[in-house]
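Please open the model in a viewer and keep the sequence at hand. The stops below proceed from one selection to the next.

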Amino acid sequence: MKETFRASMAWLHTALGLTTGWVLYAIALSGALSVFRQAINLWARPELGAASVDAVQADSLAIAWLNRHAASSGAWYLGSATADAPFASAIWSDPHGRFLQRVFDPSSSSPEGIRDTLGGEFFYRFHFELQLPYPWGRLIAAVAALAMVAGLITGIVIHRRMFADFFTFRMRRGQRSWLDAHNLLGVAALPFHLMISFTGAVMLGSLLLPWSTQAIYRHDIASSFTDLNPALYSRPVLGQPGRLAPMAPLLRESERRFEGAGIAQIYVTNPADRASVVAVIAGNDGVVSTAVRTLIFDGPTGRLISEHVEKRPVIGAYALLYGLHVARFAPCLARWLYFLSGLMLAGVIGSGMHLWVIKRLRRQSHLGHRIAGRLNTGVLAGAPLGFATFFLANRILPSMMAGRARYEVQSVFIVWAMAIVFAFLRRPARAWPELWGCNALACMTIALLGAPWHKPVAIGVSLTALVLAGAFGYAAGRSAARKVFAI
């Protein structure tokens, strides 16, 4: 502990930033992009031509295709077609136990001819899994989110002049300018930053505090999932072949019962068995909370077995926090605010990391400080370059290339690793403008590869890429001319 409470909080604020800053930076960037997950899904699949579809027809045709080509799978998990995502998507396992994820062209009711890509799902999954096996990626993200909450609270304690910080930015003052930028970005969207970090920690709370679940369920942890989701159950396999009832009437009945909420997801378990079950989950895009109604149907007959409406207060509170975090309820303007606030959070983290380095390297530095400075360059400038590479790979790789989704993801980390290596080989005064310049060039190329710009999503992605290209170009020019990032 330090001499005063504020000094102790300052030490904790710095320690949390140093230990989790790079991870949090990547989480914030990917989270900002995942706000437009469905738009990126559409951009990444230019073969999809329909602007709007009949959701029931698209879903039933997708299930019919799965019935013909994936009947041996133990379960199908379908995302229903919506206004934001006018196509049905599905996840199922092949005979080798590998999970496949595809979207279905509404015009052909088949995934054939659509490029294999994760689209916006990559950024959504990376945001809380970091492309690591379960549970390690989620555990790291949970710890980082909790550290972010503590870092924000300690930051509030440290900065007494929060209102003044909102109106203070002194340009061309070196270290003072970085501190002003750090404070301004932190204060401008502070409510959002507190909300998004707290809800993120709550969503992964079972990984942070697993002991109550382990104490209650002991050797049957799977039962905890059943108790949390009582509507989603599957019957034991009978071992007798069976066929699913026609899906269109079943889904029409679900839409009628959901009273305008629409369908969000469809789960089909044991589809080729007489004990098959179809679970239809209501949509919730128009409300903050994600607590929904679920209908359970008998697969072979289409008869309604049960209807479940979640009314438990604790689950409702969790659903509300989850809904605030993922922002599926948000209209267009609110999503842009989420996106910009996410970028500001990344700016808070990045400026804090850079500020820590330049303060120490301008004093009596040692090897550890210089290594941290090079890592800062590679991570802070390399992460957006890696994410931009995902968009470039989506257009450059052959559309029908086998395993192309895997290569798209690999390209992100290859380029990011190359940026870190480059940062170690070059002096920071040169590496910063060169990497920012690469980011600007990559974003300009994304805008060009999105042509022709006859679809709203293509126009939106290209305009956003051009704005980011301008921002990166400005950063490259400033860092080259005035050594803004020089260490």
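Select E408, which counts as buried because its relative accessibility is 0%; buried means under 20% relative accessible area, exposed over 50%, and partly exposed in between (1.4 Å probe, protein chains only). This is a predicted model, in which local features need pLDDT of at least 70 and side-chain atom pairs count only at pLDDT 80 or more, while totals for chains, interfaces and linings use all residues. Residues are numbered from 1 along each chain as its sequence is written, and side-chain values use heavy atoms, with hydrogens and water left out.

The side chains of E408 and R404 meet in a salt bridge (2.7 Å, N to O), a term for a side-chain nitrogen of Lys or Arg within 4 Å of a carboxyl oxygen of Asp or Glu. Both belong to helix α16 (residues 404-425), where they are four residues apart and thus separated by about one helical turn. Helices (H or I, at least four residues) and strands (E, at least two) are DSSP runs, numbered from the N terminus.

**Stop two: pairs between distant parts**

The whole structure holds 17 salt bridges. Select R37 and E121, whose side chains form one of 3.1 Å, N to O. Because R37 lies in helix α2 (residues 37-43) and E121 in helix α4 (residues 120-129), this pair ties together parts 84 residues apart in sequence. Both R37 and E121 are buried.

Next, select D84 and R335, which are joined by a salt bridge of 3.7 Å, N to O. D84 sits in the loop between β1 (75-79) and β2 (88-93), and R335 in helix α14 (residues 332-361), 251 residues away.

Then select E253, R256, R257, R293 and E307 together: salt bridges link them in a network.

**Stop three: a nonpolar patch**

Finally, show the surface and select M444, L448, W453, I459, L463 and L466, a nonpolar patch with about 600 Å² of accessible area together. Such a patch consists of nonpolar side chains (Val, Leu, Ile, Met, Phe, Trp, Tyr) joined within 5 Å, from residues with over 30% relative accessible area and no salt bridge. Helices α17 (428-449) and α18 (456-482) each give two or more residues to the patch, and α18 supplies the largest share, three residues. L466, found in α18, is partly exposed at 43% relative accessibility.

Notes. Patches are made of residues with over 30% relative accessible area and no salt bridge: like charges are joined within 9 Å, nonpolar side chains (Val, Leu, Ile, Met, Phe, Trp, Tyr) within 5 Å. Accessible areas come from the Shrake-Rupley method with a 1.4 Å probe; for residues, only the protein chains shown count as cover.
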